Amino acid sequence: MKNYFYLEPYVYYERGKKGLILVNLLDDKTLHYTDPDSLELFDRLIKSNFGTVSISKQEMNVPLIRMSVDNFMGDIVESETHPMQFQREINNVRGYNAYRRSVHYSRQNITSYISKCHILADMSHSDCKDFINLVTGGFSPNKVHSLNDTKLSFDTLIELISDIIEINPCIEVNISGIDTYTLKKIHIMFPNLKLHPILSYSTLEKDLELLVFLRESELSFSVLIDLDSVMSLKEYDLSDVTLLCKIKELVEEKKIITLSDLGVNLRIYPSLTPNNFEYITTFMSLTVEELIKLPHKYRTIKMNNLINSNFWGQIYLYPDLTFSYSLLNEKNCSWRDFKTTFEKDFLSGSFSWRMVRNFSQCRDCAFQRLCPSPSYIEINLRNNQQLDCLMDICLPSEEN
Ligand code: SF4
């Protein structure tokens with residue numbers, strides 16, 4: 001009789017060049033191995049077409065076996081013949097193949113996959129400019145610049161929102177570049193809409209009525225903070241201003257801000273400027289512990305296998321009534337043909353959401369499918385050789 005080791009079918013694995021992670025998809029428990037014995041044993045297991053590997057008595061103490069058995073993620077069986085373990089789909093179908101497979105399940109109700117829509121209502125407004133700069137890292141395409149003076153009229157905006165709700169009633173509508181009056185009107189006309197204004201700090205500074213409305217309506221909103229210009233507000237003695245000063249203090253202390261810290265539904269995004277480039281990159285670092293503690297790993301892995309979750313299901317609407325799937329797209333499509341364009345792009349996979357963590361270092365890393373999908377800023381930092389890995393931030397050099 002021989003001993004054979006196998007991994008349970010509910011265990012997801014990812015082997016990098018220097019490490020291995022095992023994720024229990026039932027409870028998110030994650031084990032991380034870097035010792036040569038575990039890696040060598042795992043490689044033998046994966047090469048075996050049986051999903052099981054014969055092990056010696058001494059190998060019972062290899063961390064991969066010891067820890068996975070202790071955590072109900074692996075087991076050992078005695079057998080005279082080589083036993084067989086069935087294959088887990090999540091470990092075998094990845095990348096483009098996973099995408100192609102998922103498409104067949106999604107033919108019905110395709111547009112319900114759009115969960116977020118960003119309306120850029122007035123391209124001359126600083127809120128729109130700051131938002132585009134923030135998400136693209138300042139590398140927005142010419143197409144966006146050519147829309148500089150375009151603005152949606154109130155009636156067109158209302159029509160657009162009605163169209164969007166028809167596509168998916170649960171969609172989150174992020175909106176930038178509107179005044180307080182318009183925002184109030186939309187909130188009254190569409191009380192069930194998940195409306196999420198994105199405002200720059202300077203807009204809130206100038207318009208306290210807007211801030212009061214946001215707090216009273218309990219709308220969730222995002223603030224784009226230009227860290228260079230916040231200090232002056234400290235001179236005012238108003239509770240809403242105090243709130244924003246508090247945000248600034250928390251940002252300066254590099255604390256993660258939770259909603260309960262502030263008592264309002266708020267997300268903040270420090271705007272990316274040439275002056276705070278270095279500072280913002282410090283927010284992007286990750287640790288092994290953070291990735292290992294990530295909840296809902298099954299969903300994360302599945303999503304990252306299928307599609308880049310940062311880009312998945314988002315559309316951007318411009319005042320010239322065109323839309324795109326990404327702010328980095330040069331080509332925008334007509335909103336009037338949205339349904340047919342989207343269906344065609346979805347089924348052929350020809351939209352720019354389909355971006356996996358495909359940087360050279362990531363392809364060899366065990367955390368490839370747990371690390372967040374790359375944001376525009378990360379892509380730009382990598383293209384400029386300013387970042388190698390989220391776990392080891394390389395800051396811009398002096399001359400940059
Ligand atoms: S950024 Fe890439 S290389 Fe770094 S931990 Fe994430 S997946 Fe691995």
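**Ground rules.** Residues are numbered from 1 along each chain as its sequence is written. Because the model is predicted, local features need pLDDT of at least 70 and side-chain atom pairs pLDDT 80 or more, while totals for chains, interfaces and linings use all residues.

**Overview.** I looked up the elements and found 18 helices and 14 strands in the protein chain. Both are DSSP runs numbered from the N terminus: helices are H or I with at least four residues, strands E with at least two.

**Helix pair.** I turned to α8 (residues 180–189) and α10 (residues 208–217). Their axes lie 10 Å apart, at an angle of about 20 degrees. Axes are lines fitted to C-alpha atoms, for helices over the stretch in contact, and angles run from 0 to 180 degrees between N-to-C directions. So α8 is roughly parallel to α10 (angles under 35 degrees count as such). Next I checked who meets whom. Thr 180, Lys 184 and His 187 of α8 meet Glu 209, Leu 210, Phe 213 and Ser 217 of α10. Contact here puts C-beta atoms, placed from the backbone, within 7 Å.

**Sheet.** I then traced an open sheet of three strands, ordered β5-β1-β6, with antiparallel pairing. Pairing needs at least two bridges found by DSSP. β5 (52–55) and β6 (74–79) are at the edges with a single partner strand each, so one side of each has no neighbour in the sheet. From one strand to the next, the twist averages 35 degrees. I counted four bridges between β1 (residues 2–7) and β5. Tyr 4 stands opposite Ser 54 in β5.

**Across the sheet.** Last, I located α2 (residues 63–70). Helix α2 lies across β1, β5 and β6, at about 105 degrees to β6.

How values were computed:
Parallel < 35°, antiparallel > 145°, perpendicular 65-115°, else oblique. Contact = placed C-beta atoms within 7 Å.
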